[in-house]
Amino acid sequence: MLKCGIIGLPLSGKSTVFNVATRAGAEVKPYAGGRTDPNRAMVNVPDERFDNLAGLFEPKKVTPAAVEFVDLAGLSRNAGRGEGLGNSFLSFVAESDALVHVIRLFGNPEVPHPENSIDPARDWSIVEMELIFRDLGVIENRLSRLDAKKKMTPPEQSEYALLEKCQAWLLEERPLRDMGLSADDKKSLGGFAFVTLKPEIIVANLDESQTDEDLPLLAPLRSLAVEKGIPLVRVFGRMEMEMAELEADEQAEFMNDLGLKAPGRERLISKAYEILGLISFFTTGKDEVKAWTLRKGQTALDAAGAIHSDLARGFIRAQVVSYDDFQANGASMAGCREKGALRLEGKEYKVADGDMIEIRFNV
Ligand SMILES: Nc1nc2c(ncn2[C@@H]2O[C@H](COP(=O)(O)OP(=O)(O)OP(=O)(O)O)[C@@H](O)[C@H]2O)c(=O)[nH]1
Ligand SMILES: [Mg+2]
């Protein structure tokens with residue numbers, strides 16, 4: 001299961017945003033927690049196509065795509081150098097596949113800000129620097145281990161060279177995700193779980209008085225996000241957490257007041273799914289309609305393997321129709337067959353987001 005770790009300074013609203021995303025009801029309090037065991041919850045990825053298929057097939061069971069959100073303790077200055085909750089916290093960050101970075105814009109006088117003022121771009125940089133320090137620490141450890149060897153093997157020599165390049169990059173206060181590493185390099189660095197290599201979303205956590213789209217306080221964070229190529233999602237943390245408990249029509253009114261088209265929950269989860277580079281394919285039938293998760297670029301054989309190893313082993317062909325073609329052909333498999341809209345694809349076929357797939361196999 002793919003994990004989105006929620007990070008940010010203490011009291012930035014991480015647990016609040018976690019509750020918005022998951023409706024899990026984690027504890028939210030006006031003083032910094034200090035606990036290290038994270039809250040975790042699975043959330044279904046909202047997908048209108050999936051809902052339509054479930055409505056159409058009326059199966060006994062529906063299984064939407066899901067991701068896990070992990071709500072972490074606040075990251076303070078110097079955590080990357082092992083201070084405070086530093087190390088144990090950063091190990092939770094390292095096990096996340098993507099980072100949801102919560103930045104405080106709300107100015108609640110009852111909740112002290114650890115830096116004593118609201119300055120979103122500064123807050124982002126503090127946390128970013130901690131992540132950079134953590135990766136630098138990991139690299140230094142590894143390099144000194146390799147230095148201690150009498151003789152390095154050729155793979156160790158290339159590892160050493162690559163790590164030195166990463167180190168030089170990080171020393172200029174830049175995250176590894178901007179380094180343009182090749183897929184091969186990323187793969188060989190996989191074991192280090194570098195935190196600055198993880199895709200990130202910025203969540204601007206706003207207060208109900210900050211509905212103005214062009215809020216001046218938000219402008220520096222926005223330009224920073226654009227410059228770094230990090231998607232930014234506006235969330236009205238406390239309001240949307242309370243909103244999640246309302247009836248649908250009251251929710252709609254609420255969202256209207258806040259000028260929102262979709263609840264923060266949906267925007268956040270969809271964005272997370274997208275930056276993780278994930279796509280969904282569907283299997284349908286009377287027993288179950290299910291959305292499966294693949295990474296962009298994965299093949300029909302990977303799709304078969306996701307369903308069951310037997311299907312990958314005995315793979316013959318994948319019968320594929322895109323959701324859109326399915327809808328365009330009377331929303332029925334028979335209709336698609338008649339019109340020739342069903343394709344038969346081989347092992348190497350790259351699955352597209354929204355494909356409806358049936359694997360033909362023989363074991
Ligand atoms: N006014 C306002 N207050 C908020 C908002 N989001 C969070 N708060 C308040 O800020 C306090 C801290 O919120 P949490 O969600 O617990 O923050 P956190 O980042 O998880 O805190 P730690 O885990 O202790 O670092 C709580 O009292 C919240 O009610 C918001 O959007 N507006
Ligand atoms: Mg918290």
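**Ground rules.** I number residues from 1 along each chain as its sequence is written, and I letter chains from A and number ligands from 1 in the order in which they are written. Because the model is predicted, local features need pLDDT of at least 70 and side-chain atom pairs count only at pLDDT 80 or more, while totals for chains, interfaces and linings use all residues.

**Domains.** I looked up how the protein chain is divided, and I found domain 1 (3–275) and domain 2 (297–361). Such bounds come from an automatic or database domain assignment. The centres of the two domains, taken over C-alpha atoms, are 34 Å apart.

**The sheet.** Helices (H or I, at least four residues) and strands (E, at least two) are DSSP runs, numbered from the N terminus. Two strands pair if DSSP finds at least two bridges between them. I traced an open sheet of 6 strands in the order β2-β4-β1-β5-β6-β7, with mixed pairing. At its edges I found β2 (39–44) and β7 (232–235), each pairing on one side only. Strands of a sheet pair through backbone hydrogen bonds, either parallel or antiparallel. For one pair I noted 4 bridges between β1 (residues 3–7) and β5 (residues 98–104), which run parallel. Which residue of β5 is the bridge partner of I7? The partner is H101.

**Ligand 1.** I counted 23 residues around ligand 1, and the closest are G13, S15, T16, G74 and G237. Near here means that the C-beta atom, placed from the backbone, lies within 6 Å of the molecule. Two or more residues each come from α1 (14–22) and α8 (237–243), and the largest share, 3 residues, is from α1. By class I found 9 nonpolar, 10 polar and 4 charged residues in this shell. Ala, Val, Leu, Ile, Met, Phe, Trp, Tyr, Cys and Pro count as nonpolar, Asp, Glu, Lys and Arg as charged, and the others, Gly among them, as polar.

**V45.** I found V45 in the loop between β2 and α2 (48–57).
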